[in-house]
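Thanks for asking me to look this one over.

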Amino acid sequence: MKISLGEIADQFDLELKGDASVEISGIASLVDAAPGELAFLFHSSYKNQLKTSNASAIVLRGVDSVDCTIPVLISDQPRLAWARIAAFFDPAPRHKVGIHETAVISENCTLGAGISIGAHVVIEDGAKLSDGVCIDAGCFIGERVSIGEGTRLHANVTIYHDVQLGYDCIVHSATVLGADGFGFEYDKSTASLVKIAQVFAVIIGDKVEIGAGSTIDRGALNHTRIGDGVKIDNQVQVGHGTSVGSHTAISGCTAIAGSTRIGSYCLIGGGVGIIDNIEIVDQVEITAMSLVSQSITEKGRFSSGTGLMPGSDWKRSIVGFRKLPELIKRLRRLEKKAN
Amino acid sequence: MKISLGEIADQFDLELKGDASVEISGIASLVDAAPGELAFLFHSSYKNQLKTSNASAIVLRGVDSVDCTIPVLISDQPRLAWARIAAFFDPAPRHKVGIHETAVISENCTLGAGISIGAHVVIEDGAKLSDGVCIDAGCFIGERVSIGEGTRLHANVTIYHDVQLGYDCIVHSATVLGADGFGFEYDKSTASLVKIAQVFAVIIGDKVEIGAGSTIDRGALNHTRIGDGVKIDNQVQVGHGTSVGSHTAISGCTAIAGSTRIGSYCLIGGGVGIIDNIEIVDQVEITAMSLVSQSITEKGRFSSGTGLMPGSDWKRSIVGFRKLPELIKRLRRLEKKAN
Amino acid sequence: MKISLGEIADQFDLELKGDASVEISGIASLVDAAPGELAFLFHSSYKNQLKTSNASAIVLRGVDSVDCTIPVLISDQPRLAWARIAAFFDPAPRHKVGIHETAVISENCTLGAGISIGAHVVIEDGAKLSDGVCIDAGCFIGERVSIGEGTRLHANVTIYHDVQLGYDCIVHSATVLGADGFGFEYDKSTASLVKIAQVFAVIIGDKVEIGAGSTIDRGALNHTRIGDGVKIDNQVQVGHGTSVGSHTAISGCTAIAGSTRIGSYCLIGGGVGIIDNIEIVDQVEITAMSLVSQSITEKGRFSSGTGLMPGSDWKRSIVGFRKLPELIKRLRRLEKKAN
């Protein structure tokens with residue numbers, strides 16, 4: 001994969017300053033780039049890295065290009081240019097159209113044109129795969145699952161019965177869609193927890209990406225719903241009956257409990273916890289490892305937790321935290337005296 | 001699946017007020033229910049939803065039924081009635097008794113009557129599956145694993161050697177039982193960590209359910225034990241040698257370190273952390289995302305963390321948290337002066 | 001597996017006090033040990049357990065052996081002795097050299113001598129497995145993956161294309177190496193998130209162990225790197241482009257975001273969160289469930305969070321936490337008055 005700077009400028013609609021014939025064989029960070037590679041300056045504050053970079057060309061904003069001595073590709077949005085150019089250099093294997101001989105596919109499935117089904121895949125009765133669907137090795141597709149055009153499942157994904165996926169989705173390995181939600185009711189007569197059948201499914205929109213090792217549970221009294229364009233990172237848990245609005249991004253290891261409604265265009269950090277049966281409006285940002293324990297009714301940024309401290313200082317602060325109600329009383333007493 | 005209200009009343013021992021011939025084809029939430037569906041009123045505070053619900057009948061408490069104009073099924077415990085009725089409407093596929101031709105089963109295994117083994121399952125030497133066991137596609141069952149009557153493993157579960165599961169358990173996809181506990185000892189002579197073989201196993205009781213993507217490690221100096229009736233949600237981690245008492249429920253993404261002893265009938269919230277080598281008595285409740293860093297010796301409810309705040313307020317509060325030890329000193333100084 | 005105390009003393013270079021002919025059939029904790037088993041006293045504070053233990057012999061420090069009436073094996077480092085002796089009693093199945101007939105292996109792979117490939121394994125084009133590599137059932141090995149001598153993958157591991165693993169590594173089940181990092185850029189023109197191809201890979205050193213259900217993402221602008229001797233527990237997430245220095249240990253359910261550089265010989269507790277683009281020096285210890293939200297420039301122990309409290313007390317303390325900035329103002333006002 002080699003391409004000249006001139007071709008990159010043409011193909012991705014960027015302004016080139018410098019030698020159009022320079023050949024580019026890959027991309028890299030400013031720090032790591034070797035000759036022949038294209039690097040990116042995302043923010044002026046890293047401009048000092050330009051001087052020592054071995055990159056053969058840089059994508060950057062016009063304002064950052066002033067003193068640059070190597071060829072540059074100018075973009076108002078260097079990160080967006082990166083997203084587009086990176087796809088060109090992606091070494092990810094292309095799908096082989098066809099069904100591997102070791103795949104076990106029920107006779108009652110509907111298979112579109114140009115699909116790719118890997119080794120040891122299992123597809124159960126009534127499943128429906130649209131054109132161009134790609135199911136990598138070892139995936140399990142339950143009964144009546146429906147998968148939209150061009151959607152790709154990486155190896156070892158598990159999808160339970162009746163789950164629906166839209167078009168152009170990507171699901172990474174070891175992810176499980178449609179397992180039973182965590183629903184039990186305590187029965188006094190037997191002093192034990194009785195399982196509540198999770199009779200609804202998971203409905204996932206178009207252009208959704210779900211990371212590796214994530215789990216999205218099926219619903220008990222309504223479907224679990226993931227909106228169009230939602231991006232979910234690795235090891236995220238979405239509880240039964242919860243809905244996530246379109247174009248919301250959820251970072252790794254976040255856990256969302258059941259029957260919660262999350263808005264569109266939210267940014268949810270990593271390791272966040274969101275309790276059940278609450279509502280979060282559109283455009284809410286939650287910082288890493290916060291616990292959302294009540295509804296959020298206004299857009300904005302929200303956090304919980306404490307800052308990181310050296311262990312010995314921290315121990316003194318948590319003693320203080322424990323004493324806070326008492327401290328407030330003592331302060332009030334002093335204020336009364338002083339007035 | 002259709003059933004009349006009269007039959008539901010009979011079968012689930014509920015009092016019917018209204019037309020017994022009304023046919024019910026499914027269940028749903030009060031808000032989402034369509035005609036032909038049965039909904040549930042779990043709490044009087046949602047009573048206003050009765051008026052606008054399109055459900056054909058409602059399960060509710062007698063006190064909530066007073067003004068109800070549609071047929072009702074009366075139950076002292078509507079959630080328990082729900083658990084029982086939901087099972088009737090469950091569209092989950094029934095097992096097909098038999099062994100799929102692509103399964104690889106060692107000749108030295110013991111297989112009970114009426115078992116179901118899916119495609120591409122692998123069962124190693126000396127495994128023992130009791131009557132009615134159901135192993136879905138892609139599961140791996142290690143050497144000498146023993147699985148009790150009626151227990152079901154969903155697709156792509158992995159069980160390491162010597163693990164024991166009781167009867168009527170359910171294990172969801174991508175879950176791993178019996179992987180090595182995290183045990184290493186620092187060796188100064190090589191300046192590296194030496195692995196400690198995890199020679200014990202995992203022993204799981206009867207009627208246990210384990211969610212998707214969870215991991216329960218094998219023990220180093222004693223077995224890891226999960227009591228009867230325990231319910232474990234998705235992406236839960238249980239460390240080596242830890243024991244969980246019967247009928248305890250553990251919500252998603254909770255991490256329990258090794259050699260800890262948790263009591264019976266505990267309720268452990270989502271995203272909770274529990275450190276190693278501590279003891280928690282029976283009937284303890286831990287709220288979401290709390291860290292349990294010492295033993296809990298009395299039943300009750302416990303929490304840690306801070307409440308969610310708008311980001312700018314939160315930043316000021318964590319500055320205050322850092323200063324707490326200093327604030328206490330200043331307060332003490334003022335108090336001395338004032339007295 | 002039986003071995004006499006005398007043989008254990010010889011083989012593991014320990015000083016024996018007592019009958020060398022006593023036969024040992026296994027190891028156990030002091031509390032659980034049955035006759036015939038060897039137990040360990042790791043710390044003098046548990047010395048009272050010696051009196052009631054049914055163990056046939058104890059490994060302990062010389063200072064703890066004074067009044068001991070049963071045979072003892074003396075070691076300056078009983079935990080290190082344990083690590084070595086446990087390996088002898090490990091019942092884990094030995095690999096069967098050979099390739100299972102159901103494995104699907106591309107013709108362009110390089111396979112070393114003495115390798116073991118389990119049932120239903122899939123190995124794609126250009127993969128390179130060195131001598132003694134062991135791939136358990138159901139694993140997926142992507143294109144051009146390279147795996148060093150003696151490395152073992154447990155069942156149902158997934159490795160994406162171009163990932164490199166060193167020698168003598170262990171990877172546990174359901175773990176995913178090299179899935180796409182979480183990289184998207186917001187495109188105003190379509191009001192949606194554009195995927196950034198993750199064109200780099202994951203490079204893992206020698207003697208690394210990775211627990212079950214963990215995920216290590218491939219990089220976007222540079223490789224994700226795990227140093228030699230690193231030990232990673234279950235359900236750990238490592239983001240794209242992050243590097244972990246050699247001999248660092250990371251406990252379960254910890255999430256590390258992308259482009260972060262972690263030093264060598266760090267100890268990272270369970271459930272920890274580490275944000276993106278920061279640097280942590282060598283020999284840093286982070287306690288369980290802390291959030292690391294900025295670089296750590298000095299070695300030492302760091303924490304965040306609050307201690308566990310009974311729910312009602314905790315509610316009062318988090319009210320106080322919210323009021324901290326106001327409390328500081330009130331305190332300052334009083335101090336002014338008093339001076």
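1. Helix H4 of chain B, residues 311–338, gives the most to the positive patch, contributing five residues. Please keep in mind throughout that this is a predicted model.

2. Which residues form the positive surface patch? The members are Lys323(A), together with Lys329(B), Arg332(B), Arg333(B), Lys336(B) and Lys337(B).

3. Is Lys337(B) buried or exposed? Its relative accessibility is 53%, and because exposed means over 50%, Lys337(B) counts as exposed.

4. There is a patch of negative charge to look at too. Glu7(A), Asp10(A), Asp13(A) and Glu23(A) form this negative surface patch. One of them, Asp10(A), sits in helix H1 of chain A, which covers residues 5–12. With a relative accessibility of 66%, Asp10(A) counts as exposed, because the cut-off is over 50%.

5. Now to the arrangement of the chains. How is chain A laid on chain C? A turn of 120° with a shift of 0.0 Å along the axis does it, with an RMSD of 0.0 Å. That is the relation of a three-fold axis.

6. Chain B can likewise be superposed on chain A: the rotation is 120°, the shift along its axis is 0.0 Å, and the RMSD is 0.0 Å.

Definitions and conventions. Residues are numbered from 1 along each chain as its sequence is written. Chains are lettered from A and ligands numbered from 1 in the order in which they are written. This is a predicted model: local features need pLDDT of at least 70, side-chain atom pairs count only at pLDDT 80 or more; totals for chains, interfaces and linings use all residues. Side-chain values use heavy atoms; hydrogens and water are left out. Patches are made of residues with over 30% relative accessible area and no salt bridge: like charges are joined within 9 Å, nonpolar side chains (Val, Leu, Ile, Met, Phe, Trp, Tyr) within 5 Å. Accessible areas come from the Shrake-Rupley method with a 1.4 Å probe; for residues, only the protein chains shown count as cover. A salt bridge is a side-chain nitrogen of Lys or Arg within 4 Å of a carboxyl oxygen of Asp or Glu. Lys and Arg count as positive and Asp and Glu as negative; His and the chain ends are not counted. The place of a charge is taken as NZ of Lys, CZ of Arg, CG of Asp or CD of Glu. Helices (H or I, at least four residues) and strands (E, at least two) are DSSP runs, numbered from the N terminus. Buried means under 20% relative accessible area, exposed over 50%, partly exposed in between (1.4 Å probe, protein chains only). Copies are superposed by least squares on the C-alpha atoms of residues with pLDDT of at least 70 in both.
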